[in-house]
Amino acid sequence: MEYRKLPHGEEMLSVLGLGMGGIQKCSDDEIEMVIRTAIDHGINFFDLCAGGKNVYKPFGKAIAGQRDKVYFQLHFGAIYNEKGEYGWSRDLNVIRDTIEWELKTLGTDYADFGFLHCVDEDEDFDELCESGIFDYIKEIKAAGKVCHIGFSSHTPSVANRVLDTGLVDMMMFSINPAYDLEQGDEYGVGTVSERAELFRRCEAMGVGISVMKPFHAGQLLDEKTSPFGIAMTRYQCIQYALDRPGVLTVVPGARNLDDLNALLRFPDAPDSEKDYSVIGQFTPATAEGHCVYCNHCQPCPAGIDIGLVNKYYDLALAGDDMAKNHYSKLYVNADVCIGCGHCDSRCPFHTAQSARMAEIAEYFRD
């Protein structure tokens, strides 16, 4: 399992996380077994939102005695009705009671990440501030009951408002090829460039991203429901999300142990099974000419890691002061490009990479 460090902390998060949405129909024993199996195989990051009220007790049993091995998100705004079904609220008293119940049922006195829940509209952010919910998270963070503040959103413009506060360490966002290429549903908000700029801003600010909806609610996995008419695999979708700037972990759901076992093969799967360059077949005009760091252009005859070079360049342009330093430490830089055009002919997004290498070399030369 690969792990990535939270920039504003010491936590090392598994790149493959696990969401609880969809598992609530399992028995308590199977839920506990799923969590234990995930932990035994190196998964240490969990999102508890939308799983239903019955998930908390078996999750708490599974992590008992190994709390130090796991990190999880609690959403301030996700609540459960008398039947245990997931819903959401902006009532501070209801949220306070829900969080206290969650921590008690989980058998812990702190949450690793306290998330402002579903900040999709400007009105959502305004209400979270005006109702005192944001202040409540800051208050219990100061008391040690929350280690890091984060938020979930589907909307780049609103996400940027939250980032403007400078108070968050993590963002949960929906990332998949359908959304990023403007072929998704109402949750795939933002243009290609708006979404890309948001991810680059997160990386530049040191705000980690946990990814929800990596399979577009399963639609990308079936050619009949995929907006592209072509089925992708779980591994292609996971790798695609992991290659976006700022992403630390991808958090797909598992309905049962069989689903989990399928996901657990991802770390050891060969690169050929993770290659998502098929998306080049349905790239919209708005994405043409944009490097998405997929490295389908490889191998470079001069040995340049073209995807990484592009990534550091874009981050530097976005204001990441460390990007230039990272670029300078690469074994091979853009200035060794021989202009052979191999990368240009292979790029699924028709990016003029050889010309871009000259542009990047000139930028970092200054």
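What covers the buried residues of α9? Among the elements that do so are β1 (3–5), α7 (177–180), β11 (208–212), β12 (247–250), α10 (257–263) and α11 (271–274). This is a predicted model, in which local features need pLDDT of at least 70 and side-chain atom pairs count only at pLDDT 80 or more, while totals for chains, interfaces and linings use all residues. Residues are numbered from 1 along each chain as its sequence is written, and side-chain values use heavy atoms, with hydrogens and water left out.

**Helix α9**
- Eight of the nine residues of helix α9 (residues 234–242) are buried, so this helix is largely enclosed by the rest of the structure; buried means under 20% relative accessible area, exposed over 50% and partly exposed in between, with a 1.4 Å probe and protein chains only.
- The buried residues of α9 are Y235, Q236, C237, I238, Q239, Y240, A241 and L242.
- Helices (H or I, at least four residues) and strands (E, at least two) are DSSP runs, numbered from the N terminus.

- D222, which lies in the loop between β11 and α9, is partly exposed, with a relative accessible area of 32%.
- The C-alpha atoms of D222 and T233 are separated by 8.7 Å, and these residues stand eleven residues apart along the chain.

**Helices α2 and α3**
- Helix α2 (residues 56–63) packs with helix α3 (residues 92–106) at an angle of about 45 degrees, their axes being 7 Å apart.
- That angle makes α2 oblique to α3, where under 35 degrees counts as roughly parallel, over 145 as roughly antiparallel, 65 to 115 as roughly perpendicular and the rest as oblique.
- Y56, K57, F59, G60 and I63 in α2 meet W101, E102, T105 and L106 in α3, contact meaning heavy atoms within 4.5 Å.

**Cavities**
- The structure holds two cavities of 30 Å³ or more; on a 1 Å grid over the protein atoms alone, a cavity is a set of points where a 1.4 Å probe fits but cannot get out, and lining residues have an atom within 4 Å of a point.
- The largest cavity contains about 100 Å³ of space, and of the 16 residues that line this cavity, C300, P301, C337, C340 and C343 lie nearest its centre.
- The second largest cavity contains about 80 Å³ of space, and of its 14 lining residues, C291, C294, N295, C347 and Q353 lie nearest its centre.
- A volume is the space filled by probe spheres set on the grid points, which are joined across faces, edges and corners.

Terms used: Axes fitted to C-alpha atoms, helices over the stretch in contact; angles between N-to-C directions. 1 Å grid on protein atoms, 1.4 Å probe; cavity = no way out; pocket = protein on both sides within 12 Å on 5 of 7 lines; lining within 4 Å.
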